[in-house]
Amino acid sequence: MGQGNKSQIWVREFILLGLSSDWVTQVSLFVLILAMYVVTTVGNVLILALIRLDSRLHTPMYFFLSVLSFVDLCYSNSFAPQMLAHFLSAQKSIPFHSCVLQLYVSLALGGSEFFLLGAMAYDRYVAVCHPLHYIVIMHGGLCLGLAAGCLVAGFMNSLMETIITFRLPLCHNVINHFACEILAVLQLACVDISFNKIMVAISGFLLIMLPCSLVLFSYGRIVAAILRIRSTQGRRKAFGTCASHLTVVCMCFGAAIFTYLRPQSASSMEEEKMVALFYAVVAPMLNPLIYSLRNKEVMAALQKVSEKFRDKR
């Protein structure tokens, strides 16, 4: 059916090869990724709690940060628990329907995050370039609309990609990855997947370059506005409001471009696994750390909440 003498099979479950077959390496990875997963969960839940409890953080910037933290929390949970279980399991299998759900949810949340980073860049542009009209422009309705639009765009794109991926006839059920990642699943097909690779490339280009264009536009205007500020303190304050977001943008977009926009001949599956691991586990862990450690308002809110709890004791 298509390529050579390969024949289609009916798949009820997939076997995941994971990151390593060595038992000692798997135990070491289990400990490392479990620690990262705990930090990710605690960090993002803490960000959500602080924004909810401290009225000083009830601003558009922190509204988008709370949505980003929620997306990161869900994204990490779509991969990490299964990955941790497989490190300690001899049979690394996942049911067909669970694989479909994992691919759909992870693609949807990953795509939504790119659009959210674009919306956050626009928020920073308005804050720096139009400070007197910031609250009027970034009103509650617009913030909710932008956040909802980001999520809808991510989930609609993921639905399309998931459907065209799992409609392909499959020749075997062994996935050379630690999760149901779209490029790894495509390798199981019995037929020519050139169309699917083109669709993944187009989708990746739009998901990455559209928000990236908004980020570049916003920060181009921000830099121009900062350069017009005469005082050094004023420049530092204006740049300080954007530094955390810019760090996360570079980290997330860099990993995505490496995975989806590089020529396939330039990458190996092992490299793609490492980048996918970074995006699935490391990035959601670093985001709350970056936004908290580099943000005086978040640290002040943490101190305030901590003092309240101490006073109650």
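Count up the secondary structure in this predicted model and you get 10 helices and 3 strands for the protein chain. Walk along the sequence and the order reads β-α-α-β-α-α-α-β-α-α-α-α-α. As for the overall build, the radius of gyration is 21 Å, close to the 20 Å that the globule rule gives for 313 residues, so the chain is as compact as a globular protein of that length. Laid along its principal axes, the C-alpha trace spans about 70 × 50 × 35 Å.

Now for how the chain packs. Some 47% of the 313 residues count as buried. Take the contacts between residues at least 6 apart in sequence, and 79% of them join residues at least 24 apart.

On to the inside. The largest nonpolar core holds 71 residues, and Met83, Leu117 and Phe178 have the most contacts inside it. Several helices give two or more residues to this core, including H1 (23-53), H3 (96-129), H7 (194-227) and H10 (296-312). The largest share, 13 residues, comes from H2. Another core, of 21 residues, lies apart from the largest one, with Leu16, Leu170, Leu183 and Ile193 among its members.

The accessible surface comes to about 15700 Å², and carbon and sulfur atoms account for 68% of that.

Key. Residues numbered from 1 in each chain as written. Predicted model: local features only at pLDDT ≥ 70, side-chain atom pairs only at ≥ 80, totals over all residues. Heavy atoms only, no water. Helix = DSSP H or I, 4+ residues; strand = E, 2+ residues; numbered from the N terminus. Rg over C-alpha atoms; globule rule 2.2 N^0.38 Å. Buried < 20%, exposed > 50% of the residue type's maximum accessible area, 1.4 Å probe, protein only. Contact = heavy atoms within 4.5 Å. Areas by Shrake-Rupley, 256 points an atom, 1.4 Å probe, with all protein chains shown as cover. Core = buried A, V, L, I, M, F, W, Y, C linked by side-chain atoms within 4.5 Å.
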